[in-house]
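This report describes selected features of one protein structure.

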Amino acid sequence: MAADLDELADLAGSANGPVVVSGVDLVAHTAVLRHLVTSPVGPTVALVLTDPPTDGLTVLREERGQVVEAGRPEQLADGAATGIFGGAVRVGREDVPALVAAARAVAAGRLPAGAVAVDLFEPAGQVARPDGAAGPVVDQLFAALTGQGALVFAHRVRLLVAHRVDDATGLARAEAAVAAVDEDRAELRLSVKEKDDFFTTYFVSTWSPYVTKVCARLGLSPTAVTMVSVAFAVAAAAMFAAGGRPLLVVGAVLLYLGFVLDCVDGQLARYTRNFSAWGGWLDTMADRAKEYLVYAGLGWGATAAGFRYGWALAIAAMTMQTVRHMTDAWYGVLHDEAARRPKTVGAGGGGIGDRLNAASTRVQADTGSVSYWLKRTVVFPIGERWALISLAVALFDQRVALLAVLTWGLLAFAYTGGLRTLRARWMWVPVLDTLDATLHRDDGPLAARLPVLRRPGPLLLATAAAFGSAVLLLVTLVEVPGSGSAASGWLHWAAVPVVLLVLLVAAAGSGAAHNGPLDWLVPAALRAGEYLFAIAVGVIGGAPPWLIFGYVFVLTLHHYDLVARLEKRQPAPPLHTATLGWEGRSAVLALTAIAGIVSIGLATLGIYLLVLFVASVVLAWVVRPVRAAQVPAAAGGRATR
């Protein structure tokens with residue numbers, strides 16, 4: 001208990017970890033606070049309720065799970081509020097100084113414009129308001145914290161009970177509501193995502209919580225379940241590679257069960273509150289690795305069954321899906337940044353982007369409607385991909401499964417790409433300039449030594465690189481009708497160097513400002529340029545299709561590592577500078593094409609990158625955490641609650 005805000009500031013200032021602040025008027029299940037304290041959405045998380053905004057409680061507006069405005073009801077525009085502050089907030093370690101500053105500002109009466117003054121002599125630590133009403137100090141503290149610029153995420157209460165009360169009658173009602181709920185049963189239901197894809201919602205989540213309960217009783221960790229799901233996917237890939245109707249059906253069943261376990265690992269983490277940056281990173285990486293191993297099994301099986309282009313379809317599906325994921329990830333970053341800066345949204349003049357944004361919001365709010373499920377299904381999420389592959393391979397064969405994935409994936413790519421481009425132009429929010437653009441472009445030392453090319457802009461340069469690689473691949477496929485035959489000499493000596501020059505010109509745009517409304521597409525365009533160039537060089541050099549697939553697969557691991565670290569707010573991979581950069585790797589492959597040793601080049605470079613990836617994983621998730629854990633102990637550090 002803190003007697004006043006100055007004492008709270010002193011306590012928070014002495015802490016060396018996260019701080020949780022709660023008002024005295026909150027009545028809730030214990031699990032509500034446990035969920036708040038362990039929430040993985042961000043370092044600073046506030047409890048958000050849907051109770052009416054009375055008695056001076058702070059109202060807020062959230063977007064994409066982020067609190068973007070907070071204050072008294074009259075301070076937010078009509079209808080803008082989406083909830084009230086629940087009286088409890090977990091403040092991340094990096095935001096504790098902002099909490100201390102907010103507490104001292106409120107105590108001294110230095111509040112943001114429009115806020116009320118604090119009278120610490122009021123009973124129960126309340127705030128004196130000009131109209132005579134009183135409001136809890138914790139609300140003014142929270143408003144001041146958001147006013148300090150702290151990024152606050154919202155934690156909403158579902159199924160469990162949490163209310164803020166100010167009299168005996170409200171207390172009795174809240175306590176009765178708490179007692180009426182089976183806390184454990186509610187927590188098990190809460191382990192399932194509130195909004196998921198159609199297939200996952202109706203064909204997985206209807207029974208996966210029972211598996212989650214069993215895993216919890218067995219003491220399995222989410223990481224262990226992830227590893228079992230990987231084993232199921234690998235077994236399914238092996239069945240697809242072997243072929244034959246019985247094995248294809250068994251593989252389809254194994255793939256479905258592997259996806260169920262892929263959902264269970266997340267549900268188990270939420271049920272047991274066993275979250276970690278390592279677990280989140282591993283789950284992201286495992287999902288992609290499993291999917292692409294399944295593509296490899298399908299490609300192998302289709303080729304073995306006599307289909308000439310089995311591996312080509314697998315390579316195309318993996319490349320398309322990776323570029324899609326890159327656009328998905330960076331559009332999410334763009335949307336989050338736009339939510340944090342709501343006043344800049346619409347600076348582009350509204351128009352069709354404004355209308356699309358409003359329509360999307362309406363559809364997302366209409367949970368369970370036909371339009372809601374169509375919107376979630378048409379983008380071809382992982383549940384639908386797993387379901388499509390399982391059904392297609394069980395009913396038909398590996399070739400049909402790959403063609404189905406490619407067809408639906410390309411249509412979804414065109415749909416999401418078109419709509420997001422229009423909405424992004426309306427938002428007009430730069431994102432790459434707010435981050436390490438060199439890291440997320442995956443530029444290497446060669447790009448750093450090239451002269452900076454600021455015109456015509458990094459996106460056009462990256463798009464030109466992708467287009468040049470695509471043209472080279474098309475010309476190569478025309479010149480090389482057989483997957484294992486050698487290409488014409490002019491491809492070695494003329495076309496490859498010309499396209500490499502185009503790639504290097506795109507690399508020269510690394511130092512230019514990435515602040516255009518569509519520059520969030522630059523990483524995806526560069527991935528497409530590098531992958532298509534590597535595939536074309538592999539075909540020119542007569543490399544085995546499985547080797548080309550393997551090399552691109554290693555590249556996807558490297559790039560998904562960057563994306564996963566971005567999403568989990570982790571630093572760059574320890575050995576990232578040794579990966580040569582996308583332009584450096586392309587230059588090496590171009591030299592191998594000219595020298596006529598493409599297969600050796602792909603194998604050597606692929607093994608080198610794989611070793612670097614594994615070493616980076618060990619350093620980042622094993623060695624460094626152990627060293628970090630030893631430092632406080634050696635320094636005599638203490639933990640503070």
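In which helix do Tyr-292 and Tyr-295 lie? Both are in helix α11 (residues 277–304), three residues apart, about one turn of the helix.

The model is predicted, so local features need pLDDT of at least 70 and side-chain atom pairs count only at pLDDT 80 or more, while totals for chains, interfaces and linings use all residues. Residues are numbered from 1 along each chain as its sequence is written, and side-chain values use heavy atoms, with hydrogens and water left out.

**Overall make-up**

The protein chain has 24 helices and ten strands; these are DSSP runs numbered from the N terminus, with helices (H or I) of at least four residues and strands (E) of at least two. Of its 641 residues, 51% are buried. Buried means under 20% relative accessible area, exposed means over 50%, and partly exposed lies in between (1.4 Å probe, protein chains only). Among contacts in the protein chain with a separation of 6 or more, 82% join residues 24 or more positions apart, where a contact means heavy atoms within 4.5 Å.

**Aromatic rings**

Rings of Phe, Tyr and Trp (its six-membered ring) pair if their centres lie within 6.5 Å; planes under 30 degrees apart count as stacked, over 60 as edge-to-face and the rest as tilted. By this rule there are 19 aromatic pairs. Two of them are set out here.

| Pair | Centre to centre | Angle between planes | Type |
|---|---|---|---|
| Phe-199 and Phe-203 | 5.3 Å | 20 degrees | stacked |
| Tyr-292 and Tyr-295 | 5.6 Å | 35 degrees | tilted |

Phe-199 and Phe-203 both belong to helix α7 (residues 198–203), four residues apart. Phe-199 is buried, with a relative accessible area of 14%, whereas Phe-203 is partly exposed at 45%. Tyr-292 and Tyr-295 are both buried.

One aromatic cluster is formed by Phe-198, Tyr-202, Tyr-372 and Trp-373.

**Asp-519**

Asp-519 is in the loop between α20 (489–507) and α21 (522–540). The side chain of Asp-519 does reach the backbone nitrogen of Asn-515, at 3.2 Å. Leaving aside residues up to four places away in sequence, Asp-519 touches Leu-432, Pro-458, Leu-459, Ala-513 and His-514.

Definitions and conventions:
Polar contact = N/O pair within 3.5 Å; in protein donor to acceptor, adjacent residues only side chain to side chain.
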